[in-house]
Amino acid sequence: MTDRARLDELAGSLDAVQRRIALACRDVGRDPGEVTLIAVSKTWPASDVLLMSSLGVTDFGESYDQEAAAKAGALRAAGVDVRWHFVGRLQRNKCRSVARYADVVQSVDRVEIADALAAGARDGGRRPEVLVQISLDGAEGRGGVAVDRVGELTAHIASLDRLVLRGVMAVAPLGAAPRPVFAVLAQVAAELRASYPHATVVSAGMTGDLEDAVAEGATHVRVGTALFGQRPRHG
Ligand SMILES: *Cc1c(COP(=O)(O)O)cnc(C)c1O
(Lines give C-alpha, C1' and ligand atoms only; values in the text may rest on other atoms or scores of the structure.)
Protein backbone atom coordinates (compact mmCIF):
# COMPACT_ATOMS: atom_id res chain seq x y z
CA MET A 1 0.00 0.00 0.00
CA THR A 2 1.27 3.49 -0.76
CA ASP A 3 1.76 6.00 2.04
CA ARG A 4 -1.04 8.05 0.53
CA ALA A 5 -3.49 5.16 0.60
CA ARG A 6 -2.50 4.24 4.14
CA LEU A 7 -2.86 7.88 5.21
CA ASP A 8 -6.41 7.96 3.80
CA GLU A 9 -7.22 4.71 5.56
CA LEU A 10 -5.85 5.94 8.89
CA ALA A 11 -7.64 9.29 8.51
CA GLY A 12 -10.93 7.44 8.04
CA SER A 13 -10.47 5.19 11.05
CA LEU A 14 -9.28 8.07 13.22
CA ASP A 15 -12.37 10.03 12.29
CA ALA A 16 -14.61 7.07 13.18
CA VAL A 17 -12.92 6.61 16.57
CA GLN A 18 -13.16 10.31 17.36
CA ARG A 19 -16.87 10.17 16.56
CA ARG A 20 -17.31 7.21 18.90
CA ILE A 21 -15.58 9.12 21.69
CA ALA A 22 -17.64 12.25 21.02
CA LEU A 23 -20.92 10.28 21.02
CA ALA A 24 -19.99 8.43 24.20
CA CYS A 25 -19.20 11.78 25.85
CA ARG A 26 -22.46 13.29 24.67
CA ASP A 27 -24.43 10.39 26.11
CA VAL A 28 -23.14 11.14 29.60
CA GLY A 29 -22.71 14.90 29.33
CA ARG A 30 -18.93 14.93 29.22
CA ASP A 31 -16.71 17.24 27.18
CA PRO A 32 -14.75 15.20 24.57
CA GLY A 33 -11.80 17.46 25.37
CA GLU A 34 -11.51 15.56 28.67
CA VAL A 35 -10.66 12.31 26.87
CA THR A 36 -7.21 11.74 25.38
CA LEU A 37 -6.91 9.18 22.61
CA ILE A 38 -3.85 6.95 22.84
CA ALA A 39 -3.20 5.20 19.53
CA VAL A 40 -1.88 1.74 20.41
CA SER A 41 0.64 1.18 17.64
CA LYS A 42 2.11 -2.13 18.81
CA THR A 43 2.99 -4.41 15.88
CA TRP A 44 2.51 -1.52 13.41
CA PRO A 45 5.52 0.18 11.79
CA ALA A 46 7.02 3.54 12.70
CA SER A 47 5.73 4.81 9.34
CA ASP A 48 2.16 4.36 10.66
CA VAL A 49 3.02 6.35 13.78
CA LEU A 50 4.41 9.13 11.58
CA LEU A 51 1.24 9.17 9.47
CA MET A 52 -1.03 9.13 12.54
CA SER A 53 1.04 11.91 14.05
CA SER A 54 0.62 13.98 10.87
CA LEU A 55 -3.15 13.61 11.44
CA GLY A 56 -2.80 15.23 14.85
CA VAL A 57 -2.49 12.22 17.18
CA THR A 58 0.05 12.99 19.90
CA ASP A 59 -0.05 9.92 22.16
CA PHE A 60 0.98 6.38 21.24
CA GLY A 61 0.89 3.11 23.15
CA GLU A 62 3.34 0.24 22.91
CA SER A 63 3.54 -3.16 24.62
CA TYR A 64 6.88 -4.72 23.64
CA ASP A 65 10.11 -3.08 24.77
CA GLN A 66 12.38 -3.86 21.82
CA GLU A 67 9.81 -2.81 19.28
CA ALA A 68 8.92 0.32 21.24
CA ALA A 69 12.54 1.39 21.72
CA ALA A 70 13.18 1.08 17.98
CA LYS A 71 10.05 3.05 17.10
CA ALA A 72 10.83 5.78 19.61
CA GLY A 73 14.30 6.02 18.05
CA ALA A 74 12.83 6.24 14.55
CA LEU A 75 10.45 9.04 15.52
CA ARG A 76 13.23 10.93 17.28
CA ALA A 77 15.43 10.57 14.19
CA ALA A 78 12.59 11.94 12.07
CA GLY A 79 12.38 14.93 14.42
CA VAL A 80 8.78 14.11 15.37
CA ASP A 81 7.87 14.52 19.01
CA VAL A 82 5.14 12.22 20.38
CA ARG A 83 4.27 10.94 23.84
CA TRP A 84 5.01 7.25 24.37
CA HIS A 85 2.87 5.22 26.74
CA PHE A 86 4.15 1.79 27.71
CA VAL A 87 1.05 -0.36 28.26
CA GLY A 88 2.44 -3.93 28.18
CA ARG A 89 3.40 -6.42 30.86
CA LEU A 90 6.66 -5.28 32.44
CA GLN A 91 9.51 -7.53 33.38
CA ARG A 92 12.12 -6.25 35.76
CA ASN A 93 14.96 -6.61 33.24
CA LYS A 94 13.14 -4.41 30.69
CA CYS A 95 12.54 -1.49 33.02
CA ARG A 96 15.86 0.22 32.43
CA SER A 97 15.18 0.34 28.71
CA VAL A 98 11.54 1.40 29.07
CA ALA A 99 12.52 4.23 31.42
CA ARG A 100 14.67 5.67 28.64
CA TYR A 101 11.90 6.40 26.14
CA ALA A 102 8.51 6.06 27.87
CA ASP A 103 6.82 9.30 28.88
CA VAL A 104 4.15 7.36 30.73
CA VAL A 105 4.48 3.80 32.05
CA GLN A 106 0.90 2.58 32.50
CA SER A 107 1.48 -0.96 33.69
CA VAL A 108 3.23 -0.61 37.04
CA ASP A 109 1.78 -3.32 39.27
CA ARG A 110 4.41 -4.14 41.85
CA VAL A 111 7.08 -2.55 43.99
CA GLU A 112 10.01 -4.23 42.20
CA ILE A 113 8.87 -2.80 38.88
CA ALA A 114 8.54 0.69 40.35
CA ASP A 115 12.02 0.43 41.87
CA ALA A 116 13.58 -0.80 38.64
CA LEU A 117 11.91 1.99 36.64
CA ALA A 118 13.07 4.58 39.15
CA ALA A 119 16.65 3.29 38.90
CA GLY A 120 16.51 3.38 35.10
CA ALA A 121 15.01 6.85 35.15
CA ARG A 122 17.76 8.11 37.44
CA ASP A 123 20.49 6.69 35.18
CA GLY A 124 18.81 8.16 32.10
CA GLY A 125 18.20 11.55 33.71
CA ARG A 126 14.47 11.12 33.23
CA ARG A 127 11.31 11.39 35.32
CA PRO A 128 8.53 9.38 33.68
CA GLU A 129 4.91 9.49 34.74
CA VAL A 130 3.47 6.22 35.97
CA LEU A 131 0.03 4.71 36.30
CA VAL A 132 -0.77 1.82 38.58
CA GLN A 133 -2.37 -1.04 36.70
CA ILE A 134 -5.36 -2.30 38.64
CA SER A 135 -6.56 -5.88 38.40
CA LEU A 136 -10.32 -5.88 38.10
CA ASP A 137 -10.89 -9.62 38.15
CA GLY A 138 -9.78 -10.19 41.72
CA ALA A 139 -6.64 -12.03 40.65
CA GLU A 140 -3.19 -10.72 39.78
CA GLY A 141 -2.27 -13.36 37.20
CA ARG A 142 -3.01 -11.29 34.09
CA GLY A 143 -1.26 -8.16 35.33
CA GLY A 144 -2.38 -5.51 37.73
CA VAL A 145 -2.42 -5.10 41.48
CA ALA A 146 -5.48 -6.26 43.42
CA VAL A 147 -7.76 -3.44 44.57
CA ASP A 148 -7.03 -4.07 48.26
CA ARG A 149 -3.29 -3.66 47.70
CA VAL A 150 -3.33 -0.45 45.67
CA GLY A 151 -2.62 1.75 48.70
CA GLU A 152 0.67 0.05 49.56
CA LEU A 153 1.93 0.27 46.00
CA THR A 154 0.93 3.88 45.43
CA ALA A 155 2.52 4.96 48.72
CA HIS A 156 5.75 3.31 47.61
CA ILE A 157 5.65 4.99 44.18
CA ALA A 158 4.92 8.36 45.75
CA SER A 159 8.09 7.96 47.82
CA LEU A 160 10.25 7.61 44.66
CA ASP A 161 11.29 11.03 43.44
CA ARG A 162 12.17 9.73 39.95
CA LEU A 163 8.59 8.65 39.20
CA VAL A 164 5.53 10.87 38.95
CA LEU A 165 2.36 9.08 40.10
CA ARG A 166 -0.42 10.16 37.72
CA GLY A 167 -3.26 7.68 38.17
CA VAL A 168 -4.61 4.27 37.28
CA MET A 169 -4.96 1.97 34.29
CA ALA A 170 -6.99 -1.18 33.76
CA VAL A 171 -8.05 -3.69 31.15
CA ALA A 172 -11.56 -5.10 31.51
CA PRO A 173 -11.37 -8.82 32.33
CA LEU A 174 -12.29 -11.19 29.50
CA GLY A 175 -15.91 -12.24 29.65
CA ALA A 176 -16.98 -9.63 32.23
CA ALA A 177 -19.40 -6.82 31.42
CA PRO A 178 -17.01 -3.86 31.15
CA ARG A 179 -19.16 -1.07 32.58
CA PRO A 180 -19.43 -2.34 36.18
CA VAL A 181 -15.72 -3.09 36.35
CA PHE A 182 -14.90 0.38 35.01
CA ALA A 183 -17.16 1.74 37.75
CA VAL A 184 -14.96 -0.07 40.30
CA LEU A 185 -11.91 1.47 38.64
CA ALA A 186 -13.49 4.93 38.94
CA GLN A 187 -13.93 4.33 42.66
CA VAL A 188 -10.28 3.28 43.06
CA ALA A 189 -9.23 6.35 41.06
CA ALA A 190 -11.29 8.66 43.28
CA GLU A 191 -9.69 7.22 46.42
CA LEU A 192 -6.24 7.68 44.93
CA ARG A 193 -7.01 11.29 44.00
CA ALA A 194 -8.08 12.00 47.56
CA SER A 195 -4.52 11.20 48.69
CA TYR A 196 -2.63 12.40 45.59
CA PRO A 197 -4.44 15.30 43.90
CA HIS A 198 -2.23 15.12 40.80
CA ALA A 199 -3.11 11.46 40.18
CA THR A 200 -5.97 12.36 37.85
CA VAL A 201 -5.50 9.90 34.99
CA VAL A 202 -7.96 7.04 34.45
CA SER A 203 -6.75 4.96 31.50
CA ALA A 204 -9.47 2.52 30.46
CA GLY A 205 -11.24 1.40 27.34
CA MET A 206 -10.00 -0.17 24.13
CA THR A 207 -11.54 -0.84 20.71
CA GLY A 208 -14.30 -3.05 22.11
CA ASP A 209 -15.31 -1.12 25.20
CA LEU A 210 -14.28 2.51 24.93
CA GLU A 211 -17.89 3.75 25.30
CA ASP A 212 -18.26 1.99 28.65
CA ALA A 213 -14.95 3.43 29.82
CA VAL A 214 -15.91 6.98 28.79
CA ALA A 215 -19.25 6.56 30.56
CA GLU A 216 -17.37 5.68 33.75
CA GLY A 217 -14.99 8.63 33.59
CA ALA A 218 -11.96 7.46 31.61
CA THR A 219 -9.58 10.33 30.85
CA HIS A 220 -7.53 8.22 28.42
CA VAL A 221 -8.66 5.50 26.02
CA ARG A 222 -6.16 3.11 24.42
CA VAL A 223 -7.25 2.15 20.93
CA GLY A 224 -5.35 -0.10 18.55
CA THR A 225 -7.48 -2.25 16.26
CA ALA A 226 -10.10 0.38 15.42
CA LEU A 227 -7.34 2.75 14.28
CA PHE A 228 -4.72 0.59 12.60
CA GLY A 229 -6.63 -2.59 11.73
CA GLN A 230 -6.48 -6.17 12.91
CA ARG A 231 -3.05 -6.94 14.34
CA PRO A 232 -1.06 -9.80 12.95
CA ARG A 233 -0.49 -12.35 15.72
CA HIS A 234 2.51 -11.39 17.79
CA GLY A 235 5.16 -14.08 17.70
C1 LIG B 1 -3.24 -3.92 22.71
C2 LIG B 1 -3.73 -3.11 23.85
C3 LIG B 1 -4.72 -2.13 23.68
C4 LIG B 1 -5.43 -1.88 22.36
O5 LIG B 1 -6.36 -2.89 22.16
P6 LIG B 1 -7.40 -2.85 20.91
O7 LIG B 1 -8.44 -3.83 21.30
O8 LIG B 1 -6.61 -3.26 19.71
O9 LIG B 1 -7.91 -1.48 20.80
C10 LIG B 1 -5.09 -1.39 24.79
N11 LIG B 1 -4.53 -1.59 26.00
C12 LIG B 1 -3.59 -2.53 26.20
C13 LIG B 1 -3.04 -2.71 27.57
C14 LIG B 1 -3.18 -3.33 25.15
O15 LIG B 1 -2.26 -4.28 25.36
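1. A residue is called buried when its relative accessible area is under 20%, exposed when it is over 50%, and partly exposed in between, using a 1.4 Å probe and protein chains only. At 11% relative accessibility, arginine 6 therefore counts as buried. The model discussed here is predicted, so that local features need pLDDT of at least 70 and side-chain atom pairs count only at pLDDT 80 or more, while totals for chains, interfaces and linings use all residues. Residues are numbered from 1 along each chain as its sequence is written, and side-chain values use heavy atoms, with hydrogens and water left out.

2. The partner of arginine 6 is aspartate 48: their side chains form a salt bridge, with 2.7 Å from N to O. The term salt bridge denotes a side-chain nitrogen of Lys or Arg within 4 Å of a carboxyl oxygen of Asp or Glu. Arginine 6 belongs to helix α1 and aspartate 48 to helix α2 (residues 46–54), so the pair ties together parts that are 42 residues apart in sequence. Helices (H or I, at least four residues) and strands (E, at least two) are DSSP runs, numbered from the N terminus. Aspartate 48 is buried as well, its relative accessible area being 3%. In general, side chains of opposite charge can pair when their charged atoms come close.

3. How many salt bridges are there by this rule? The count comes to 16. One of them joins arginine 83 to aspartate 59, with the closest N and O atoms 3.3 Å apart. Since arginine 83 lies in strand β3 (residues 83–86) and aspartate 59 in strand β2 (residues 59–62), this pair ties together parts that are 24 residues apart in sequence. Arginine 83 is partly exposed at 33% relative accessible area, whereas aspartate 59 is buried at 5%.

4. A further salt bridge links the side chains of lysine 71 and glutamate 67, at 2.6 Å from N to O. Because these two residues are 4 residues apart in helix α3 (residues 65–77), about one helical turn separates them. Both lysine 71 and glutamate 67 are buried. Elsewhere, salt bridges that share partners join Asp59, Arg83, Glu129 and Arg166 into one network.

5. A nonpolar core is a set of buried Ala, Val, Leu, Ile, Met, Phe, Trp, Tyr and Cys residues joined through side-chain atoms within 4.5 Å. The largest such core has 68 residues, of which Met52, Leu117, Ile134, Ile157, Val221 and Leu227 touch the most other members. Helix α1 (residues 3–28) supplies the largest share of this core, 7 residues. Apart from it lies another core of 5 residues, including Val87, Leu131, Met169 and Val201. In soluble globular proteins, nonpolar side chains tend to be buried together.

6. Which residues does methionine 52 touch, leaving aside residues up to four places away in sequence? They are Leu10, Leu14, Ala39, Val57, Phe60, Leu227 and Phe228, where contact means heavy atoms within 4.5 Å. Met52 is one of the buried residues of α2, together with Ala46, Asp48, Val49, Leu51 and Ser53. The cover over the buried residues of α2 includes α1, β1 (36–40), β2, α3, β3 and α9 (225–228). After α2 comes glycine 56, which has a positive phi near 105°.

7. Threonine 43 also deserves a remark: its phi is positive, about 75°, although it is not a glycine. Most residues other than glycine have a negative phi. Threonine 43 sits in the loop between β1 and α2 and is partly exposed, with a relative accessible area of 22%.

8. Helix α5 (residues 111–124) packs against helix α6 (residues 150–158) at an angle of about 15°, the axes being 10 Å apart. Here axes are lines fitted to C-alpha atoms, for helices over the stretch in contact, and angles run from 0 to 180 degrees between N-to-C directions. The two helices are roughly parallel, a description applied to angles under 35 degrees. Val111, Ala114 and Asp115 of α5 make the contact with Leu153, His156 and Ile157 of α6.

9. Threonine 200 is located in the loop between α7 (178–195) and β8 (201–203). Its relative accessibility of 34% makes threonine 200 partly exposed. Not counting residues up to four places away in sequence, threonine 200 touches Arg166, Arg193 and Thr219. The C-alpha atoms of threonine 200 and serine 54 are separated by 28 Å, and these residues are 146 residues apart along the chain.

Terms used
Angles under 35 degrees count as roughly parallel, over 145 as roughly antiparallel, 65 to 115 as roughly perpendicular and the rest as oblique.
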